[in-house]
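Please open the model in your viewer and keep the selection panel at hand. The stops below follow one another, each with something to select and something to look for.

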Amino acid sequence: MNQTLLTLVCPPSIERVVVDWLLEQSEIAGFTSLEAYGHGGDPEKLNVIEQVEGRKKQVIFYVHMELEYAHTSVQRLKEDLKGTGIHYWLVPMLDVGQI
């Protein structure tokens, strides 16, 4: 099995842009998104309210796909959405299925 989970974390201000981008990719059959909060990091990158609350609102996208497509997608993201502050990681999937 060469399946991986691509996780994208982005600011809420570009959520719609990321959704549209993901929907345009032929190798992506679907994805999951959710609202989350980031903690820690560089306080200078947080506004005053975020500094007081100790958290920053984020949107997380989970995309399950073949590893080779994940690398291609990340490269395309770097070109198409450069400078948007998206953080990503890839994690190998040991087992995938439906119950």
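Two residues are said to touch, or to be in contact, when they have heavy atoms within 4.5 Å. The model is a predicted one, in which local features need pLDDT of at least 70 and side-chain atom pairs count only at pLDDT 80 or more, while totals for chains, interfaces and linings use all residues. Residues are numbered from 1 along each chain as its sequence is written, and side-chain values use heavy atoms, with hydrogens and water left out.

Begin by selecting Thr 7, which lies in strand E1; strands (E, at least two residues) and helices (H or I, at least four) are DSSP runs numbered from the N terminus. Leaving aside residues up to four places away in sequence, Thr 7 touches Ile 60, Phe 61, Tyr 62, His 87, Tyr 88 and Trp 89. Thr 7 is buried, its relative accessible area being 1%, where buried means under 20%, exposed over 50% and partly exposed in between (1.4 Å probe, protein chains only).

Next, select helix H1 and colour Val 18, Val 19, Trp 21 and Leu 22, which are buried. Because these residues cover an arc of only 165° around the axis (taken from the directions from the helix axis to the C-beta atoms), they are on the same side of H1. On the other side of H1, Arg 16, Leu 23 and Glu 24 are exposed. The buried residues of H1 pack against E1, E3 and H3.

Finally, keep Val 18 selected: with residues up to four places away in sequence not counted, Val 18 touches Leu 8, Cys 10, Phe 61, Leu 81 and Ile 86.
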